[in-house]
Structures are given as structure tokens and as C-alpha cells.
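Biologist: I would like to learn how to read a model of this kind, feature by feature. Please give the general idea first and then the case at hand.

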Amino acid sequence: MGAGIAEVLARGGFAVVGIEVNREALERGRGNLKSSTGRAVKRGRLGEDAQREILGRITLSTDFADLGDCDLVIEAVPERLDLKRTVFAELDRVCRDDAVLATNTSSLSVTDIAVTTGRPTKIVGVHFFNPAPVMRLVEVIGTVLTEPEAVARVAELVEGLGKTPVTIGDRAGFVANRLLFGYLNQAATMLETGHATRDDIDAAMKAGAGLPMGPFTLMDLIGLDTCLEVLDAIYAESRDRRHAASPLLRELVTAGLLGRKTGRGFHTYDKSGPAEEGTSGAAAPTVGVVGVGPLADAVAALCERAGGRVGDSAAELAGCDLVIEAAQDPEAARALLSAAVQAAKPGTVIAVTSLDGSADGSAIRQAMATGRPSDVVGLHLLDPAGALAEMSATVATDPDVADRAAGLLSRLGLTVVRCRDRAGFIVDALRLPYLNDAAAMLGAGYADADSIDAAMTLGCGYPTGPIADLDRIGPDRAVAVLRALHAETRDPALAPAPLLVEHATAGRPLR
Ligand SMILES: NC(=O)c1ccc[n+]([C@@H]2O[C@H](COP(=O)([O-])OP(=O)(O)OC[C@H]3O[C@@H](n4cnc5c(N)ncnc54)[C@H](O)[C@@H]3O)[C@@H](O)[C@H]2O)c1
């Protein structure tokens, strides 16, 4: 990170002094600077003269005294409070009294570092994302002790470097890591508790939430040791059990399986990376759609698009491979379903949809009402026009039926992911708590809507920010899903944030 930050500053025209712990590390840093700017030259993004100028602005040294004339010092030593404190004590000694001292810590308390220096008013956090030359977000952190001018000067400098500063207070994980790691850890817990498989969770979050990669692929990329470090630091402050690192994550770290950098973490990496799943080429099935309304219409359209035959009369249902209940209200669903089940031949797979994927999560209740629970699976089409089908098997579902249901749904051209019969299936169970955390952060006045959205889009590569997501999903639906998740788990953190409830009640978006 140190080399990346030095490069960003030198590219911005600043003279930079880079300090390393010894000559060997210094040469490694020099190598990093050369190869990073060299890559930019190769790609035609930087001329050779410009590269020479950039590298010419950086002086490397192992002597802290060389920092004596600096206006700003950014510390990027390993993430250990004792080490950072030692480094800051040294900086305090050698730097000018008016110099601002910044830490690039990801998760330690900036205040904890500031209080041991002789100049707490001049200590800020300046959190670059990796790789620093590429990522546009920089979180700028002021503590209760920092003078506002120091924060403003650093934010201005960051802006001048072509980055987007988000100015916030000192809370563990700041905005981006606080929101991201709660979600990542919950995915690990979901795997550990057998709710769904690693590949199904990864696939669901890509296809259903539009994320560039699933949580396990992302954790492997970040490094599981770093994930554990960040989670431990956030948990130490939040005491929210969702931040208590999943035992599975801890076990992988203890075993030295740290992700991509060691060739194995949640996934195993060879040259080709994680294996892609094949798709079924078999003919589209005959599908009965039970119910009226937009969901039923969308399901019928989806089946027709895939070349399936769609029917809804008793005679047609009798010949179907798969019957999908897609009624709009639960009472109607129950009546329609029992008629459909009577018409369907034995062995027909029956899929019951929950209206918004939340309901109370239980396909089992609808399954029991059919009198044929072993033939019933739960189904959630997150966006009926989209490609993802989340399918749940209840404790009563015959495993062969679940396999057949997955096969039939994939023959409709859907990406099928499987999970247990719980509220929110996979996508909403992981996405809504994250969105709720963002709403709580907004409600607490920690950061504004634009900063929260910028943190996730520019810092984590999310296609859209959580506040924009909440407005797209609708605060009312978000509240409904959260209430279902809360009712099932009784986890206080899953109770909808008051701000979200207020917006849902008022029928107003958050922005
Ligand atoms: N890696 C990331 O993705 C990332 C992203 C954002 C922030 N950060 C934060 O940046 C900091 C550094 O992370 P990193 O991944 O670059 O770590 P790293 O271990 O790769 O690099 C740390 C460097 O600090 C040097 N160092 C150690 N003790 C020193 C001392 N006393 N004086 C001078 N240099 C010393 C080491 O030789 C090493 O080159 C951490 O606080 C981390 O949380 C990391």
C-alpha cells in the first residue's frame, strides 16, 4: 500500500519521501514502484518521460529524519496497533510541529493511535483502497480530537489527486469495510451452518445481486488472514455477533489456507481459477402455472421464452413435469394449490413461490397444506424476468424431488441455486442485512447517502450503492424482508432500522 500511495502522490506532482524498515524492503518498494508505473507505460497510459518524472519525485530512505520537512506523512506499516504507535512516536519526534500525520489503517482506531502522540489534533485517517493508483475512493477520518482544518486539508489534497474523498468519523471499519465485512462474514456463517453451498452462494450473489464476484471469491482475493483481522477489529468495537468471525474462516486461516495467495482458501486455485458450472442442454419441460397476477404472468412468460409448454387447466396440470404456484395472496395460493395438486400426476414436482421471497420463509407450511410435502420445493424468482431461481428444499422434501426440481428449473434457462427453507433464501438473507446496516449508518448520521453509496461503488466495486439499492427495492419491501429475517432469527441487528421503517411508512424513498 505504501508504494501505491507514494505513486499516487508523485503522479499528482508532489515530492515524496518513502521510508522503509531496511534496505531490502526499500528495494522491494522501489521494484513495486517501477513495475506498477511500467505496467502503465506498457498499456499506453503513461509516457516513458512521465514515468521518469514520477519516479524522480520519490526519494527512498530508511532514515525517519528524512521526513523532517514533510507537510503530510502517511503511515502504511502492517496492521498492528503496537507497531503503529511506535512509528507515530518516531514521526512525532522527527516531523515539523505543523505536519499532519495520517494512518492508512483499515480497521484500527485512529483515536487509539492519536492519543499516544503529542499532536492528537493533527492525526487523521486516510484510507486508500487497493490498488491505490486505481481505486478512486479514499476515506478521510477525523477523530473527536482532530482539528477540522487538518481533515479539510487532507480531503482537499485527496480530491486534487483525482480521487473521491469521503469524510467520516472514527468507527471500526469506517464505511466500506464495516458494510462489506458484515456481509462477507454472514456468507461464511451461511456456509458453515449448511444453509447453502459455497458455489451456490457465490452464484446467487453474482446473478441475483449483480455483484462482480461472490463473497467467497472476494474473501479469497482479499486474503482470509486480512478478512479475519478486519472482522476481529470491527467486532471489538461493535460487539455485534454478525462481526464475530465465522469459526470456518478462523479455521482456514489457522490451516494456512489464506485464499488466492496460497492457492487455496474457500476455493482451490489452479491456473484456470474456480471451475465454472456447465449448463443443461435438455429440452424445456412442461410447466403448469397456478395463480393469476403479475408473478404468474411473469413465470408463464419465462417458461414460454425457454420453449416450455405452459398450462393451467386441470387437464393440462395432469400432464406437467413441474407445477409452479405463483398466486398473489396466501389464501388464494392455498386453495389453488390443493386443486392443482389433486390434478397433478404422482411424481410431478410442485414449486411454491413466496410472493417477495421473504414471506415467513416457510415453504414447509404450504408444503404441508398440499398433503404431498415430499413433492414440494420453495422457489424464489428474485426478478421474474432475470436468470436466477433460488430453490429451497424443506425437511420433508424428497431429495430426488429436489434434484429433479433443480434440473427442471435449469432446463427453463434459469441459474438454479439451492438452499434450506429459511427466510430470504440466499440473496435477500445476505443483501438485506447489509442494506439495513447502511440505512442504520445513514440514520445515525455517520455518513450521508452519497458517501455511503460512493464507498461501496468506488471502494468495493459494487455496481450500485446500498442507499440507491434500497430505493430501487423499495423501503416497504426491504422492511418486509427484514421483519421476516428478524422474526426467524430474533437477531436484534436484523430489526429494520428506524429510518427505513419511517420511510416505508411515509412511502418515501431515502433520497
Ligand atoms: N493491503 C490492502 O489491501 C490494504 C488496503 C487498505 C489499507 N491497508 C492498510 O495499509 C497498511 C499496510 O498494509 P499492506 O497490505 O501494504 O502491508 P504490507 O505488510 O504489505 O506492507 C507493510 C510495509 O511496511 C513496512 N514496515 C514495517 N515496519 C515498518 C517500520 N517500522 N517503518 C517503516 N516501514 C515499515 C514493511 O517492510 C512492509 O513493506 C495496513 O494498515 C493495512 O491495514 C491495506
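Biologist: What should I know about the model and its numbering?

Modeller: The model is predicted; local features need pLDDT of at least 70, side-chain atom pairs count only at pLDDT 80 or more, and totals for chains, interfaces and linings use all residues. Residues are numbered from 1 along each chain as its sequence is written, and side-chain values use heavy atoms, with hydrogens and water left out.

Biologist: Which domains does the domain assignment give?

Modeller: Domain bounds come from an automatic or database domain assignment. Here the assignment lists domain 1 (1–175), domain 2 (179–262), domain 3 (286–420) and domain 4 (426–506). Taken over C-alpha atoms, the centres of domain 1 and domain 3 are separated by 55 Å.

Biologist: What does the UniProt record annotate?

Modeller: UniProt positions are given in the numbering used here, feature names are shortened, and annotations may be inferred rather than shown by experiment. The unreviewed UniProt entry annotates "domain: 3-hydroxyacyl-CoA dehydrogenase NAD binding" over residues 1–170 and 313–421. The annotation "domain: 3-hydroxyacyl-CoA dehydrogenase C-terminal", also from an unreviewed UniProt entry, covers residues 173–269 and 424–508.

Biologist: How much helix and strand do these ranges hold?

Modeller: Helices (H or I, at least four residues) and strands (E, at least two) are DSSP runs, numbered from the N terminus. Residues 1–170 are 42% helix and 19% strand, with the end C-alpha atoms 21 Å apart. Residues 173–269 are 62% helix and 0% strand, and their end C-alpha atoms lie 29 Å apart. For residues 424–508 the values are 72% helix, 0% strand and 23 Å between the end C-alpha atoms.

Biologist: What is the strand order in the open sheet of 7 strands?

Modeller: The order is E9-E8-E10-E11-E12-E13-E14, again with mixed pairing. E9 (309–311) and E14 (415–420) are the edge strands, each pairing on one side only. Here the twist averages 30° from one strand to the next. E13 (residues 388–393) pairs with E14 in the parallel sense over 6 bridges, and glutamate 390 stands opposite valine 417 in E14. Helix H8 (residues 198–209) packs on the sheet and touches E13 and E14, at about 125° to the direction of E14.

Biologist: At what angle do H19 and H20 pack?

Modeller: Two packed helices are described by the angle between their axes and the distance between the axes. H19 (residues 466–473) and H20 (residues 475–489) pack at about 95°, with axes 6 Å apart. H19 is therefore roughly perpendicular to H20, a term for angles of 65 to 115 degrees. Leu470, Asp471 and Ile473 of H19 meet Pro475, Arg477 and Ala478 of H20.

Biologist: Where is the cis peptide bond?

Modeller: It joins asparagine 130 and proline 131, with omega about -5°. Proline 131 sits in the loop between E5 (123–128) and E6.

Biologist: What is the phi of phenylalanine 174?

Modeller: Phenylalanine 174 is not a glycine, yet its phi is positive, about 50°. The residue lies in the loop between E7 and helix H7 (176–192).

Key
Axes fitted to C-alpha atoms, helices over the stretch in contact; angles between N-to-C directions. Parallel < 35°, antiparallel > 145°, perpendicular 65-115°, else oblique. Contact = heavy atoms within 4.5 Å. Pairing = 2+ DSSP bridges.
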